[in-house]
Amino acid sequence: MNCFQLIKIVLDEAYVVIPGDDAAKDAAICKAATDLSSEYKGLLQSGCLDYADPARRFAYIYKYTTSHANIVYKAIAQSGDLGQVFDQNKLSVACVGGGPGSDFLGILKYCLRHEKSPELRCQILDRDATWGESWSDVDDKLGSTFRISTLFHPLDVTDSANWDRFKKHFGSDLITMIYFLSEVYAVRDQANQYFEALFAGVARGSRILFVDNNSPQFYQWFDGLAEKHGFVTLASQKGMKQLPFDEEKTDLEPYYSKFNGKGHCPKIRADIAIRVVQKA
Ligand SMILES: C[S@@+](CC[C@H](N)C(=O)[O-])C[C@H]1O[C@@H](n2cnc3c(N)ncnc32)[C@H](O)[C@@H]1O
């Protein structure tokens, strides 16, 4: 199984729980995809979007998870140092704001393409507990050839009473923050305490992979935290990326034909900033 075949299984499950017949489901998904794009444009004002609606979750996974997984895959493949982490026999990863599975799937794609098979323990931490449904049984879906386990924690970075209970992930070998700082930028006054605690608590030698929109607000916030807490930068890039997708279209059928025809296709271009940092 490749990671897009896994996304297809998750999409099938998400499709079933959307209320109504297929026409009603499709209309709800198209509306959700349109709403998400416009809400992302206003993210600096609103922050922390709500993904509880099943049609929105479907739309997110179809449109963004597919693309963000490829970004994560490429970021790991192009940073020799990050790739080496996957040579370890055992590896713990924490995907903060990783509910939709993109971070995890990018890692999985890297492992598959580069024939790496560490015993991978992946904690997915996200405010929206409904994402947990999609990825809680990934190990069963993948079968016994993979030594991968996923664990979902309902963590809200704006609520210290909540995140204070979920600090085990500070000890992970690799932490990912993919399109997450932009999501919580509008509420950074509440969220910053979490990031300060995380960056302070990460063990020496552990790495953080950051990917976000190529806007100074987001990467300067990240860079400031990394510098303050003694991280060295292993990779730093920014610019427009064209995302490979042709090879994956068929894995997303029948959804690709159906929604592409209605003007909704997975994101294929992204203007992003990438950082790989390591605690010294
Ligand atoms: C733009 S999505 C990014 C998801 C994923 N990393 C990706 O690249 O596709 C932002 C994620 O942050 C989560 N989120 C929003 N506010 C949050 C908060 N206050 N604490 C934790 N997670 C939050 C959302 O549920 C969503 O899954």
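Okay, let's start with charge: the 32 positive and 36 negative charges of the protein have mean positions 4 Å apart. Here Lys and Arg count as positive, Asp and Glu as negative, with His and the chain ends not counted, and each charge is placed at NZ of Lys, CZ of Arg, CG of Asp or CD of Glu.

A quick word on the source: this is a predicted model, where local features need pLDDT of at least 70 and side-chain atom pairs count only at pLDDT 80 or more, while totals for chains, interfaces and linings use all residues. Residues are numbered from 1 along each chain as its sequence is written, and side-chain values use heavy atoms, leaving out hydrogens and water.

Now the overall fold. We have 13 helices and 7 strands, meaning DSSP runs, H or I of at least four residues for helices and E of at least two for strands, numbered from the N terminus. The radius of gyration is 18 Å, close to the 19 Å the globule rule gives for 280 residues, so the protein is as compact as a globular protein of that length. That radius is over C-alpha atoms, and the rule is 2.2 Å times the number of residues to the power 0.38. Of the 280 residues, 55% are buried, that is, under 20% relative accessible area with a 1.4 Å probe, protein chains only.

Asp251 sits in the loop between strand S6 (231-242) and helix H13 (255-260). Which side chain of opposite charge is nearest to Asp251? Arg113, 7.9 Å away; Asp251 is buried yet has no salt bridge, which would take a Lys or Arg side-chain nitrogen within 4 Å of an Asp or Glu carboxyl oxygen. Leaving aside neighbours within four places in sequence, Asp251 contacts Asn2, Phe4, Gln5 and Lys8, with contact meaning heavy atoms within 4.5 Å.

Definitions and conventions
Buried < 20%, exposed > 50% of the residue type's maximum accessible area, 1.4 Å probe, protein only.
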